[in-house]
Amino acid sequence: MVRFEFSETPSPEQDLEHIGLTDTEIAGLMSYQHQIGYWRSDMATGHVFWSKEIFDIYGMTYTKGPVNLTLANDAVHPEDLPYMLELLERTAVEKTGFHYVLRLINGRNGVKYVRSVGRFRITDDGREELYGMFEEVADQTRLIGVVGNPPSAIDTAKD
């Protein structure tokens with residue numbers, strides 16, 4: 001099952017300042033749980049930037065600078081790619097957020113499931129961006145929990 005959601009309501013922010021952890025420490029802790037990376041897309045240029053971990057999840061060679069989107073999109077299961085692209089476009093146009101679980105083509109054993117959450121923002125200098133996190137979902141219990149959430153404005157399931 002693959003799920004794509006369009007989200008108009010951002011997740012509530014956690015107030016963690018009182019416990020004395022930095023954003024870097026929190027991101028580091030998340031990375032120990034499972035493979036997770038971060039991304040950003042500059043809407044004016046169309047450039048997308050990934051942390052090294054996302055390149056690893058995709059099985060692509062790490063490079064600094066904009067991601068080769070042709071190679072990246074070639075790794076997405078062809079049944080999932082149109083939904084992912086529609087969700088990104090709608091998020092940019094409607095200035096909201098999204099959540100998806102989709103399949104990446106994996107030459108070793110077929111496919112692997114990945115999850116991304118993204119949000120729209122306007123930077124301090126007025127540029128519009130999308131940003132988010134990306135993770136490989138290896139734990140089937142975790143995957144079932146993710147795709148089992150109630151549907152949103154875009155919701156589709158594929159076998």
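1. Two strands count as paired if DSSP finds at least two bridges between them. The model discussed here is predicted. In it, β2 and strand β3 (residues 48-50) pair in the antiparallel sense, with three bridges.

2. β2 and β3 form a hairpin, and five residues lie between them. In the turn, G46 has a positive phi of about 80°.

3. β2 also runs antiparallel to strand β6 (residues 128-136), and seven bridges join the two. Opposite S41 stands L130 in β6.

4. Strand β2 covers residues 36-42, and five of its seven residues are buried, so the strand is largely enclosed by the rest of the structure.

5. The largest nonpolar core consists of 23 residues. W50, Y58, L104 and F134 have the most contacts inside this core. Two or more residues come from each of β3, α2 (52-58), α4 (81-94), β4 (97-106), β5 (110-122) and β6. In soluble globular proteins, nonpolar side chains tend to be buried together.

6. Which residues is F134 in contact with, leaving aside its neighbours within four places in sequence? Among them are I36, G37 and W39, as well as I54, I57 and Y58. The list also includes Y100, V114, R115 and S116.

7. The average pLDDT is 80, and 74% of the residues score at least 70. Among the elements, β3 has the highest mean pLDDT (97), and helix α5 (residues 140-147) the lowest (47). Over residues 141-159 the pLDDT is below 50, and this stretch has 47 contacts in the model beyond near neighbours in sequence.

Notes
Residues are numbered from 1 along each chain as its sequence is written. Side-chain values use heavy atoms; hydrogens and water are left out. Buried means under 20% relative accessible area, exposed over 50%, partly exposed in between (1.4 Å probe, protein chains only). Helices (H or I, at least four residues) and strands (E, at least two) are DSSP runs, numbered from the N terminus. pLDDT is the predictor's confidence in each residue, from 0 to 100. Contact means heavy atoms within 4.5 Å. A nonpolar core is a set of buried Ala, Val, Leu, Ile, Met, Phe, Trp, Tyr and Cys residues joined through side-chain atoms within 4.5 Å.
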